[in-house]
Amino acid sequence: MHPSTLFAIDGLLTDEERDIRRAVRQVCDKEIRPHVAGWFETGELPARELARTLGSVGVLGMHLDGYGCAGLGAVSYGLACLELEAADSGLRSLVSVQGSLAMYAIWKYGSEEQKREWLPPMAAGERIGCFGLTEPDFGSDPGGMRTTARRDGSDWVLNGTKMWITNGSVADVAVVWARTDEGVRGFLVPAGAPGFTAHDLKRKVSLRASVTSELVLDGVRLPAEAMLPGARGLSGPLGCLNEARFGIVFGAMGAALDCLETALDYAASREVFARPLASYQLTQEKLADMALELGKGMLLALHLGRLKEAGTITPEQVSAGKLNNVREALDIARTCRTILGASGITLEYPVIRHAVNLESVLTYEGTSEIHTLVLGKALTGLPAFH
Ligand code: TGC
Ligand code: FAD
């Protein structure tokens, strides 16, 4: 029995949602899976080519309306993230940052001109975006950011450094959050603006099939129209994070499913002490526990998706989903790794790649500790961040 059959998850989806899931899986099977272990190994990704491929199948900003975006439901978007992350968390990251962070920021807070200029080519994958919130000294606490935007006549002048920025060096536009006299504001910084540089972060052991960069803003002068007019204060960037975190609730289950499918196959064919590994009770306990957590995580993701579609989801519910599903996915990946024995440490199988990728997923978009504290605050009314 396939693990998804245990919970009859497919029966909870519409025909359209199943079709979208299948279509994204087909693209991953054809364009991503055959190459992804190699990209991971070399730490190099054909990001532009991939963005065009993903744009051509309509997954970039697929949950946004208008401006070349498909306007699909939250569950469809989640299932696309699931299939992408079943291939590699780095690919889901590319799509999350493009659609849920950079495009969403422009879609939600941008002027009509900004939307018309950027959203259609970004939906098509002709232009890539990144999202610069984290700084070298301020990750979990973005409210402490040091990047500034100072008015000079009608222009803005930006100074500061952003760190760990996905898609940074391949982006055509960076959404940069900076401190101004009127609080935190967002700016669209085009690649090539004088004083703006992006450097790739090397020697990563996790999320190697993804571009991660440092952005340096050294007196970057921007016209008044570069500011996102609709975002004021920290709620601007945090509002975007809710979108991307939601995609991860589904995505993490994709990585876990790929690990579990691999472990089931391996346990069925590997003989130990003259019997298939799958026939031992210790192995079956691992497999059963993993199928349970996977099923529960999928049901949680679907429930949150339906709440999002109904327009009632809260940031705390998204935190609950991100915390639970990434934590369980990482646990599943590590357990699957044990089932594969020594084979589990090689790139011949996807399991160790998923496991080390999920270490990044546990940290970005709010660490597991931060989401625990979000839930703690919701339950007690007492914030414990500071
Ligand atoms: P706090 O005083 O609680 O809030 C400041 C303002 O923000 C509002 N707010 C939210 N609004 C929308 N959605 C949320 N989830 C929100 N959380 C808070 C809040 O109502 C308030 O609004 P206002 O109007 O009163 O000013 O802020 P705090 O400084 O105490 O911090 C709260 C905390 C710790 C939860 C927040 O800073 C946080 O979430 N930290 C984690 C940072 C984070 O997740 N960074 C991710 C960077 S991007 C990334 O990692 C991309 S990875 C690539 C990929 O996705 O694949
Ligand atoms: P810190 O905030 O320094 O945290 C270190 C440890 O302290 C963590 O365990 C944390 O949970 C814990 N901690 C922090 N505060 C508390 C507290 N109050 N109580 C108890 N424990 C606490 N950022 C972007 O803006 N854009 C991107 O595109 C992006 N992409 C990323 C891609 C990758 C591969 C990675 C790894 C990160 C990316 N990030 C991005 C940055 C990411 O969001 C941050 O790494 C994350 O928010 C944590 O910040 P930090 O690394 O500075 O850790």
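**Salt bridges in the predicted model.** A search of the whole structure finds 23 salt bridges, each defined as a side-chain nitrogen of Lys or Arg within 4 Å of a carboxyl oxygen of Asp or Glu. The structure is a predicted model, in which local features need pLDDT of at least 70, side-chain atom pairs count only at pLDDT 80 or more, and totals for chains, interfaces and linings use all residues. Residues are numbered from 1 along each chain as its sequence is written, and side-chain values use heavy atoms, with hydrogens and water left out.

**View 1. Salt bridge between Glu-83 and Arg-25.** The closest N and O atoms of Glu-83 and Arg-25 are 2.9 Å apart. Glu-83 belongs to helix 4 and Arg-25 to helix 2 (residues 15–42), so this pair ties together parts that are 58 residues apart in sequence. Helices (H or I, at least four residues) and strands (E, at least two) are DSSP runs, numbered from the N terminus. Glu-83 counts as buried at 2% relative accessibility, whereas Arg-25, at 26%, counts as partly exposed. Buried denotes under 20% relative accessible area, exposed over 50%, and partly exposed the range in between (1.4 Å probe, protein chains only).

**View 2. Salt bridge between Asp-29 and Arg-33 within helix 2.** Here the closest N and O atoms are 2.8 Å apart. Both residues lie in helix 2, separated by four residues, about one turn of the helix. Asp-29 is partly exposed, with 37% relative accessibility, and Arg-33 is likewise partly exposed, with 25%.

**View 3. Packing of helix 4 against helix 5.** Helix 4 (residues 74–87) and helix 5 (residues 89–109) pack at an angle of about 145°, and their axes are 7 Å apart. Axes are lines fitted to C-alpha atoms, for helices over the stretch in contact, and angles run from 0 to 180 degrees between N-to-C directions. Tyr-77, Cys-81, Leu-84 and Glu-85 of helix 4 meet Ser-89, Leu-91, Arg-92, Val-95, Ser-96 and Ser-100 of helix 5, contact being heavy atoms within 4.5 Å. The residues of this contact comprise five nonpolar, three polar and two charged. Ala, Val, Leu, Ile, Met, Phe, Trp, Tyr, Cys and Pro count as nonpolar, Asp, Glu, Lys and Arg as charged, and the others, Gly among them, as polar.

**View 4. Salt bridge between Glu-85 and Arg-92.** The closest N and O atoms of Glu-85 and Arg-92 are 2.5 Å apart. Glu-85 is buried, with a relative accessible area of 0%, and Arg-92 is buried, with 1%.

Technical notes:
Chains are lettered from A and ligands numbered from 1 in the order in which they are written.
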